[in-house]
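Visitor: I would like to learn how to read the features of a model like this one. Could we go through it one feature at a time?

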Amino acid sequence: MSKKPVALVTGASKGIGAAIAVELSRQGYDIWLNYRSDDAGASTIAAEIERLGGACSLLCFDVANAEAVASGLESLLAEETPEVLVNNAGFARDGLMALMSETDWQSVLDVHLGGFFHVTRQLLPAMLKRRRGRIINIVSTSGETGVPGQVNYSAAKAGLIGATRSLAAEVARRKILVNAVSPGFIETEMTTDIPKERVLPMIPMGRFGTAEEVAAVTAFLCSPAAAYITGQVLSVNGGAYM
Ligand code: NAP
């Protein structure tokens with residue numbers, strides 16, 4: 001039996017990353033599941049993947065920490081190069097710019113932009129050598145349009161969109177495709193505190209999206225059907241931003 005390709009998904013102990021890990025497992029990938037702190041959540045997702053007949057390795061490290069990323073991936077990368085990388089790990093620290101602390105500014109840039117840089121840099125040389133790969137960055141509507149209270153998060157996600165396009169141009173000749181998926185309001189832990197009555201009128205479809213709806217689009221971008229798509233931002237937002 002031939003070996004399955006590997007997909008590394010960051011921030012997959014819950015929410016959108018967990019749904020992506022499960023969907024990519026269904027599509028025939030062995031999963032390297034990164035997370036930062038939620039051991040129980042990560043183990044539950046790994047068990048779900050194994051119940052579906054897949055394989056899942058748990059990788060606990062902070063994507064914002066370059067040394068932790070390098071040592072967390074070192075032994076696995078010596079044996080194997082993932083075919084797919086999904087840079088999904090992240091969080092928001094919302095607040096008005098006038099009151100924003102240095103920590104809230106820097107930590108959000110570190111997790112989204114630093115995380116993308118540290119993890120992608122580890123995989124890229126081997127992907128380039130193999131001349132094959134898909135990199136998907138999970139961005140946000142907030143990186144495409146202005147959102148009050150999210151100057152840090154918008155800056156990080158807009159930066160990640162720029163990085164997606166530049167990297168796509170850099171590696172296209174080596175058949176590595178780099179795209180972004182841009183969710184709107186999705187039902188996860190990250191959005192539990194958002195008052196729905198205030199937000200729903202801004203969404204033409206009148207509901208939040210599900211993590212599975214984001215996972216389906218991510219899996220499409222990893223599939224043979226998406227072989228001529230690179231440098232694009234695919235929105236999954238119920239029409240919230242057109
Ligand atoms: P979530 O439910 O809060 O899950 C976040 C995941 O990221 C968790 O697995 C968490 O791990 C992990 N994580 C956070 N910081 C990390 C770090 N430094 N290193 C490694 N892993 C880390 O969030 P979500 O809603 O699924 O969001 C996932 C991605 O989608 C984020 O990039 C977010 O910005 C983006 N997004 C979300 C929405 C939305 O409406 N939910 C909309 C647009 C974009 P632990 O829990 O184990 O610490």
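Predicted model: local features only at pLDDT ≥ 70, side-chain atom pairs only at ≥ 80, totals over all residues.

Visitor: Where is the place of Asn87?

Guide: Asn87 belongs to strand S4, which covers residues 84-87.

Visitor: With which side chain does the side chain of Asn87 make a polar contact?

Guide: A polar contact is a pair of N or O atoms within 3.5 Å. The partner here is the side chain of Asn137, at 2.9 Å. Asn87 is also one of the residues that line the largest cavity.

Visitor: How many cavities of 30 Å³ or more does the structure hold?

Guide: A cavity is space where a probe fits but cannot get out. The structure holds one of 30 Å³ or more, and the space in the largest cavity comes to about 60 Å³.

Visitor: Which residues line the largest cavity?

Guide: The lining consists of Thr10, Val63, Asn87, Asn88, Ala89, Val111, His112, Gly115, Phe116, Val119 and Leu160. Helix H4 provides the largest share, with five residues. By class, six lining residues are nonpolar and five are polar, with no charged residues.

Visitor: What is 2.7 Å from an oxygen atom of the ligand?

Guide: An N or O atom in the side chain of Ser37 is at that distance. Backbone atoms also take part: a polar backbone atom of Ile16 is 2.8 Å from an oxygen atom of the ligand, and for Arg36 a backbone N or O atom lies 3.3 Å from a ligand oxygen. Taken alone the ligand exposes 900 Å², of which the protein buries 95%.

Visitor: How much space lies in the second largest pocket?

Guide: A pocket, unlike a cavity, is an open set of points. The second largest pocket has about 200 Å³ of space. Its lining is made of Gln27, Tyr29, Glu83, Arg132, Gly133, Arg134, Lys175, Ala219, Phe220, Cys222, Ser223 and Pro224. Strand S5 (133-138) and helix H7 (211-222) are the elements that give two or more residues to this lining.

Visitor: Which element gives the most to the lining of the second largest pocket?

Guide: H7 does, with three residues. The lining of this pocket divides into five nonpolar, three polar and four charged residues.

Visitor: Lys175 is on that list. Is Lys175 buried or exposed?

Guide: Lys175 has a relative accessible area of 59% and is therefore exposed, as the cut-off is over 50%. The residue sits in the loop between H5 and strand S6 (176-183).

Visitor: What value does phi of Lys175 take?

Guide: For Lys175 phi is near 65 degrees, a positive value in a residue other than glycine. Phi of Arg131 is also positive, near 60 degrees. Arg131 is found in the loop between H4 and S5, and with a relative accessible area of 46% Arg131 is partly exposed.

Visitor: How far apart in space are Thr230 and Gly41?

Guide: Separation along the chain and separation in space are read as two values. Thr230 and Gly41 are 189 residues apart in sequence, and their C-alpha atoms are 32 Å apart. Thr230 lies in the loop between H7 and strand S7 (233-236) and is partly exposed, with a relative accessible area of 26%. Leu128 is in helix H4 and is partly exposed at 25% relative accessible area.

How values were computed. Residues numbered from 1 in each chain as written. Heavy atoms only, no water. Polar contact = N/O pair within 3.5 Å; in protein donor to acceptor, adjacent residues only side chain to side chain. Areas by Shrake-Rupley, 256 points an atom, 1.4 Å probe, with all protein chains shown as cover. 1 Å grid on protein atoms, 1.4 Å probe; cavity = no way out; pocket = protein on both sides within 12 Å on 5 of 7 lines; lining within 4 Å. Points joined across faces, edges and corners; volume = space filled by probe spheres on them. Helix = DSSP H or I, 4+ residues; strand = E, 2+ residues; numbered from the N terminus. Nonpolar A, V, L, I, M, F, W, Y, C, P; charged D, E, K, R; others polar. Buried < 20%, exposed > 50% of the residue type's maximum accessible area, 1.4 Å probe, protein only.
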